[in-house]
Amino acid sequence: MQKKIDKSILLFLILQPFLDVLTSIGIHNNWKGSIGLLIRGAFFISVLFYLVIKKKEKKGVFALIFYLIIEMFYFYSSTTNALFSEAFNLIKLFYLPFLLLFFNHYENKSINEKLMTMLYFIYMNLIIIPYIFNIGFDIVYENKEGYLGLFYGGNELSALFIGLLPIVLNFILAQKNLFLKLFFFLEIVTVMVLVGTKTLFLGIGLVFTLFILKGLKKNVPSFSKKRKSLMILAIGLFLLTSSLLIPKTPVYKNLKVTLNYYQIHSMKDFVSIDTIDKVIFSTRLSFLKNVHSYYKEREVKEKLFGIGITKINKIKDIEIDVLDIFYSIGIIGFLIWFLFMILSIRKSKLEGIYQLSLFLFLFISLFSGHILNKPMVSTFISLLPLLNKNKKEE
């Protein structure tokens, strides 16, 4: 029985990029419902059953079910909310904390850095290969541009590539195959240029910088003078090449378009809340103001149980996950979600690169939405406890 469960979970993980492609095609073709969400929703329910049957977090699961019944009764009594939309939103919100709890208890040696690297390559090539054959989906907004391959959300893709990069890079650097290292570097730079979001550009740059500094700290003291000179020359050439290539990338062009669009021509123009909102937060603080204005005028029950994702989407979701979660399910729902998240993270006991990955995911969610409340990304965040555990045992 356990072998069947292990194989099913492994298959579920391998299917992740293809479920995201199906979801993307469905959105672009206005399909009713999402195959990816249905399969992930079924997996979420299976996880709850598993935790109850194995008596691992049994009280937590029953507490969640009790809360979900109350929340759904509240939305059912409100004629202005779409019940199915709210039900799926609740599944998406509690998907991450309960999958984190599940993978804290679950054991499967096949879920490791090698598997994450394989999936990472699949995601990258589902962007690169469609680009070569001139198929796929572009991002075009406010005269800015980017390319998403066969996927839909730029935020989700950027978070996925940044958050998993420390794990994948750690695996790649441990391999003796030089061609694999060069091939990976070429592909990740290509994806970074094609997608063209500033989040992806800065995030990948940050992770590579951290790994370079770690490598220098570890190896430089034992280097000869000749090797140190060669290393300084290599870093200098890299910086020079980067300074010449960056102005030709979509990231640079998009940033230039943004600065011109908002008439920012100097640091003096930049130093204001309004400019920071527009350039760094992509007007998310303005979306927050609009949603909060609506929320504070609601009745007490709406403040306690939330105004619902349906109403938030009509105004425009904030795209800062913790805030979207708070306003959609209210004070009570947010406190329950937050407590389960803290409990799950504390039980994970993450170390090293896994701790860094979690930090990157959480940090990105403050500036770029659809990280903590979208199964595309939260599925991989939830794997961190198991990956960490397997690495320790190695």
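The model is predicted. Its chain holds 20 helices and two strands, and 46% of the 394 residues are buried. Of the contacts between residues at least 6 apart in sequence, 74% join residues at least 24 apart.

**Helix 2 and its surroundings**

- Helix 2 covers residues 16-28, which are 13 residues in number. The distance from its first C-alpha to its last is 19 Å, close to the 18 Å expected at 1.5 Å a residue.
- Its buried residues are Gln16, Pro17, Leu19, Asp20, Val21, Ser24 and Gly26.
- These buried residues pack against four helices, namely helix 1 (2-14), helix 3 (35-53), helix 6 (113-132) and helix 19 (375-382).
- Asparagine 30 follows helix 2 and has a positive phi, near 55°.

**The crossing of helix 1 and helix 2**

- The axes of helix 1 and helix 2 come within 4 Å and cross at roughly 50°. At that angle helix 1 is oblique to helix 2.
- On the helix 1 side, the residues that meet helix 2 are Phe12, Leu13 and Ile14. Their counterparts in helix 2 are Gln16, Pro17 and Phe18.

**Helix 3**

- Helix 3 has 19 residues, which should span 27 Å at 1.5 Å a residue. The end C-alpha atoms are 27 Å apart, in agreement with that expectation.
- The buried residues of helix 3 are Gly36, Leu37, Arg40, Gly41, Phe43, Phe44, Val47, Leu48, Tyr50 and Leu51.
- The elements that cover these buried residues include helix 1, helix 2, helix 4 (58-77), helix 5 (83-105) and helix 19.
- Just after helix 3, lysine 55 adopts a positive phi of about 55°.

**Aromatic rings**

- The whole structure contains 28 aromatic pairs. In one of them, phenylalanine 12 and phenylalanine 43 have ring centres 3.9 Å apart and planes at 15°, so the pair is stacked.
- Because phenylalanine 12 belongs to helix 1 and phenylalanine 43 to helix 3, the pair ties together parts that are 31 residues apart in sequence.
- Phenylalanine 12 and phenylalanine 43 are both buried.
- Ring pairs join Phe12 and Phe43 with Tyr50, Phe102, Phe103 and Tyr106 in a cluster.

**Charges over rings**

- Arginine 298 is placed over the face of tyrosine 294, at 4.1 Å from the ring centre.
- Lysine 316 has its charged end over the ring of phenylalanine 287, 4.8 Å from the centre of that ring.

**Phenylalanine 151**

- Phenylalanine 151 lies in the loop between strand 2 (144-147) and helix 7 (154-174).
- The relative accessible area of phenylalanine 151 is 0%, so the residue counts as buried.
- Phenylalanine 151 and valine 21 are 130 residues apart along the chain, while their C-alpha atoms are separated by 5.4 Å.
- Apart from residues up to four places away in sequence, phenylalanine 151 touches Pro17, Asp20, Val21, Ser24 and His28, together with Tyr123, Leu126, Ile127, Phe137, Leu157 and Met376.

**Lysine 349 and asparagine 388**

- Lysine 349 occupies the loop between helix 17 (321-348) and helix 18 (352-364). Asparagine 388 is located in helix 20 (residues 384-393).
- With 61% relative accessibility, lysine 349 counts as exposed. Asparagine 388, by contrast, has a relative accessible area of 4% and is buried.
- In sequence the two residues, lysine 349 and asparagine 388, are 39 residues apart, and from C-alpha to C-alpha they are 8.3 Å apart in space.
- Asparagine 388, with residues up to four places away in sequence set aside, touches Ser348, Lys349, Leu350, Glu351 and Tyr354.

Key: Residues numbered from 1 in each chain as written. Predicted model: local features only at pLDDT ≥ 70, side-chain atom pairs only at ≥ 80, totals over all residues. Heavy atoms only, no water. Expected span 1.5 Å × (residues − 1). Buried < 20%, exposed > 50% of the residue type's maximum accessible area, 1.4 Å probe, protein only. Contact = heavy atoms within 4.5 Å. Phe/Tyr/Trp six-rings, centres within 6.5 Å; stacked < 30°, edge-to-face > 60°. Lys NZ or Arg CZ within 6 Å of the ring centre and 35° of its normal. Axes fitted to C-alpha atoms, helices over the stretch in contact; angles between N-to-C directions. Parallel < 35°, antiparallel > 145°, perpendicular 65-115°, else oblique.
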